Amino acid sequence: MLESAYLYKDEIEKSFIKLQGTKEILFYCGSYFGYIPEIEKERSNQYAITERGKLIGYFTYTFDVYSLCVKDFGLMSFDLNNKRIGLDVYKQIKKLISEYNAHRIEYHMISDNPVEKHYDNFCERFQGRKLVLKDVFKDEKGVYHDDVIYEILI
């Protein structure tokens, strides 16, 4: 279930603090350290993903009402392999398409992210395309990663 992230602000921040220095935070923001989302009461597009009142994930995006573009996705799972996260995100995106007439969806990912196949499937479901920019990001171990860009036109 998607709920206002503000209701779970402290818990979300603590969960991100625990992830500092891990691959999960690297795939989320492109760095091993230093990222904790700024959760604001007034922002309506920041969500805690919950199941039976327990925080299992965090989801955010930007919706440009002028261009009808959904972008700047942020998705973090605090309960790995919980299918509820993907289902709730999918429902929200379908809502943006049906109720707000989204025209374009764009999301990025650092290659080698274990959720790549899920992002690929989502893109294919909406007849989108996947673009790969080679060797864009170099991690702290000196390994290059690609920037994967997904584009869906509705």
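**Exercise 1. In this predicted model, work out how strand 2 and strand 3 are joined, and which residues mark the turn between them.**

Step 1. Strand 2 (residues 46–51) and strand 3 (residues 54–64) run antiparallel, and six bridges join them.

**Exercise 2. Follow strand 3 onward and describe its pairing with strand 4.**

Step 1. Strand 4 covers residues 69–77, and its pairing with strand 3 is antiparallel, over seven bridges.

Step 2. One of the bridge pairs is formed by Gly 57 and Ser 77, the latter in strand 4.

Step 3. The hairpin of strand 3 and strand 4 has four residues between the strands, and in its turn Leu 68 has a positive phi of about 60°.

**Exercise 3. Decide which residues of helix 1 are buried, which are exposed on its other side, and what covers the buried ones.**

Step 1. Taking buried as under 20% relative accessible area, the buried residues of helix 1 (residues 9–19) are Ile 12, Ser 15, Phe 16 and Leu 19.

Step 2. Seen down the helix axis, these buried residues fall within an arc of 95°, and therefore they line one face of helix 1.

Step 3. Asp 10, Lys 14 and Lys 18, on the other side of helix 1, are exposed.

Step 4. The cover over the buried residues of helix 1 includes helix 2 (23–29), together with strand 2, strand 3 and strand 4.

Step 5. After helix 1 comes Gly 21, whose phi is positive, near 85°.

**Exercise 4. Describe the largest nonpolar core, the elements that build it, and the surroundings of Ile 105.**

Step 1. The largest nonpolar core has 22 residues, and those with the most contacts inside it are Ile 105, Tyr 107, Tyr 150 and Ile 152.

Step 2. Two or more residues of this core come from each of strand 2, strand 3, helix 3 (83–100), strand 5 (104–110), helix 4 (116–125) and strand 7 (144–153).

Step 3. Helix 3 gives the largest share of this core, namely five residues.

Step 4. Leaving out residues up to four places away in sequence, Ile 105 touches Val 70, Phe 73, Ile 93, Ile 97, Tyr 150, Glu 151, Ile 152 and Ile 154.

Step 5. Another core, of twelve residues, lies apart from the largest one, and among its members are Leu 19, Ile 25, Ile 39 and Leu 55.

Note on methods. Residues numbered from 1 in each chain as written. Predicted model: local features only at pLDDT ≥ 70, side-chain atom pairs only at ≥ 80, totals over all residues. Heavy atoms only, no water. Pairing = 2+ DSSP bridges. Buried < 20%, exposed > 50% of the residue type's maximum accessible area, 1.4 Å probe, protein only. Arc of directions from axis to C-beta. Contact = heavy atoms within 4.5 Å. Core = buried A, V, L, I, M, F, W, Y, C linked by side-chain atoms within 4.5 Å.
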